[in-house]
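Open the model in your viewer and get ready to select residues.

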Amino acid sequence: MPFPSDRRTFLKTGAAVLGALAVPPHLVGALASRRGRAAADVSIDVLTAEPIAPVTSAHYGHFIEHLGAVIYDGVWVGEKSSVPNVGGIRKSLVDDLRALTPGIVRWPGGCFADSYRWTDGIGPKAKRPRRSNLWGNEMEGSVTGPQRYEPNHFGTPEFLRFCRLVGAEPYLAVNGRGASAQDFAEWVEYCNSPKGSTTLADQRAADGSPAPYNVKYWGLGNEPWGCGGTLTPEEYAEEYRRMSAFVPTYPGDKPSIKVGVEPRLVAAGPLIDDATAEAWTRRFIDSLKTAGRNGHDTTMPFGYSLHSYFWRHDAFTFTPNGWYTLLAQPRILGGMLERQASLLRPAGVPITLVLDEWGPWYLGDIGQSQPSHLLEQTPTLRDALVTAFMFDTFHAHADILGVATVAQTINCIHSLFLADGAKYVRTPVYHAFALYQPHIGGTAVRTVAAAERIEIPKDPNARPTRVPDPTSVDGISTSATVHAAAGGQPGRVVLTVTNPRLDSPVTANIALHGVSIKSGTVTTLTHNEPHARNTFDNPDVVHTGGTTALALGSESSKGAFTMTLPAASVTRVVCTLGA
Ligand code: AHR
């Protein structure tokens, strides 16, 4: 099948096929109240009295690594740069990220973390050592500069300043391949020991922060089964035990999110598209449980890191098969999260899942702006819809998933921003993050969407990926958060709905059970060209439309309304609730 670029051809080759409609038994009563209402393509029931868990800014976290042009020149342009900066950090990135209220940022890798000496990145910049970046081997021979030879100009003090600027908690990934438990303890000491208390506290003061940073989140290793040393789960459990024993704590260490010890240690789990993922977790947990020899208990992790990438070959020349196949992945991931949680819970410790790398990873045809921008890809409207499906999955699993950090914020994989020197653009992924931002701070509640599944059209030319392709995808994706009345503001329900159909809008009967709606607003992200993307030359091709008033009918006092969702769109509805 050729790669059709205009929408007409695209749709002809990919007319969605309808599958079976399933109504969950426990909703038969709720749905019975719909009798007599206008026929709709889909119905969405928001069960406002069935909370799942709070949606926090930690579900909307970020990951930045010394990989290609993520740090140099995505985040760090240098104090002397003509690119507007805040002490060397790209100003437009700071401004845009801060507005998204990211809860957490992970750094310095990724695989880079497993070869990183944290002490290289402190002290006067002119004296910091230069090292070979492990990702440099992946680059073409002609590439030199900071992407290949790490200058360490962006180290711990710069990263922690970046977190303060954007308002996020830092999450530091410790070298699981080369660092000793002593190195780790000293990194904690540098970041968290009280002002004037230790030599490392004095070094931190000389680097710009006499006050401790109180870093809470520490990942012990990155991918121990891969670039972290190709360890077995048992070998990694031993490393974890060594690193996690007697981690120093300081007076400023205070619990802030959910459960766990301070500092909050995150153990490294598997890549969860892999058939061995469940075995890894089972063996790791078994191994941790058999520890505690000599009368000391193992420090159980606060979190368990999972990585999930959706592999495709077609960043922006995809067919309908590529469109729907990608959109099917977040639901599959949801099932994997549940299975991972079910393996951890019987272990008797409240470990939260930490999805600290996620995003579609395109293997070809990626729109990289320069060879040094390793793993940079240009997101399209499809990536905005994948992001929406992902966030709906996060909300549905907020009881087991505590943290998610996207890979990666700028110039790499599923980026919100692309930058090259003075050039800078917000991608469709950014617009999906912005659209979903009002969910933060609410409580996710159960939603049930009754929509016909879409059978995925076949593409004989599709190149095989790591995992078998699904054959159908949800006909709608949705999630909702309830925000209690506070500070004189009335209560709200924030609802997001994605129509993945390329060929048609859908009419949705929506019922917010147990509440009445006083008024509402509607904001939609869509484009009539599925491959649409933002580039340096055309930065505003994909963006959200204006916000309009929600049209309410006679049933709004019962929390019900009907709306039309354009083809290939994400829509946010914010309902202000009546008394
Ligand atoms: O995000 C890119 C890489 O993907 C990370 O360095 C590694 O952890 C993963 O394999």
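The count of disulfides comes to 1 in this predicted model. A disulfide is a covalent bond between the sulfur atoms of two cysteines.

Select C111 and C227. They form the disulfide, with sulfur atoms 2.1 Å apart. Trace the chain from each end. C111 sits in the loop between β6 (104–107) and β7 (131–132). C227 sits in the loop between β10 (217–220) and α8 (233–244). The two cysteines are 116 residues apart, so the pair links distant parts of the chain.

Now turn to the S-S bond itself. Its torsion is about -85°, so the disulfide is left-handed.

Show the surface. Is C111 buried or exposed? Its relative accessibility is 14%, under the 20% cut-off, so C111 counts as buried. C227, at 22%, counts as partly exposed.

C163 is buried, with a relative accessible area of 2%. C412 is buried too, at 0% relative accessibility.

Next stop: the largest pocket. Its volume is about 500 Å³. Select R331, T447, V448, A449 and D474, which lie nearest its centre among the 22 lining residues.

β17 gives the largest share, 6 residues. By type, the lining divides into 10 nonpolar, 7 polar and 5 charged residues.

Finally, colour domain 1 (11–52 + 445–577) and domain 2 (57–441). Both give residues to the lining, so the largest pocket lies between them.

Notes. Residues numbered from 1 in each chain as written. Predicted model: local features only at pLDDT ≥ 70, side-chain atom pairs only at ≥ 80, totals over all residues. Heavy atoms only, no water. 1 Å grid on protein atoms, 1.4 Å probe; cavity = no way out; pocket = protein on both sides within 12 Å on 5 of 7 lines; lining within 4 Å. Points joined across faces, edges and corners; volume = space filled by probe spheres on them. Helix = DSSP H or I, 4+ residues; strand = E, 2+ residues; numbered from the N terminus. Nonpolar A, V, L, I, M, F, W, Y, C, P; charged D, E, K, R; others polar. Domains from an automatic or database assignment. Disulfide = S-S within 2.5 Å. Buried < 20%, exposed > 50% of the residue type's maximum accessible area, 1.4 Å probe, protein only.
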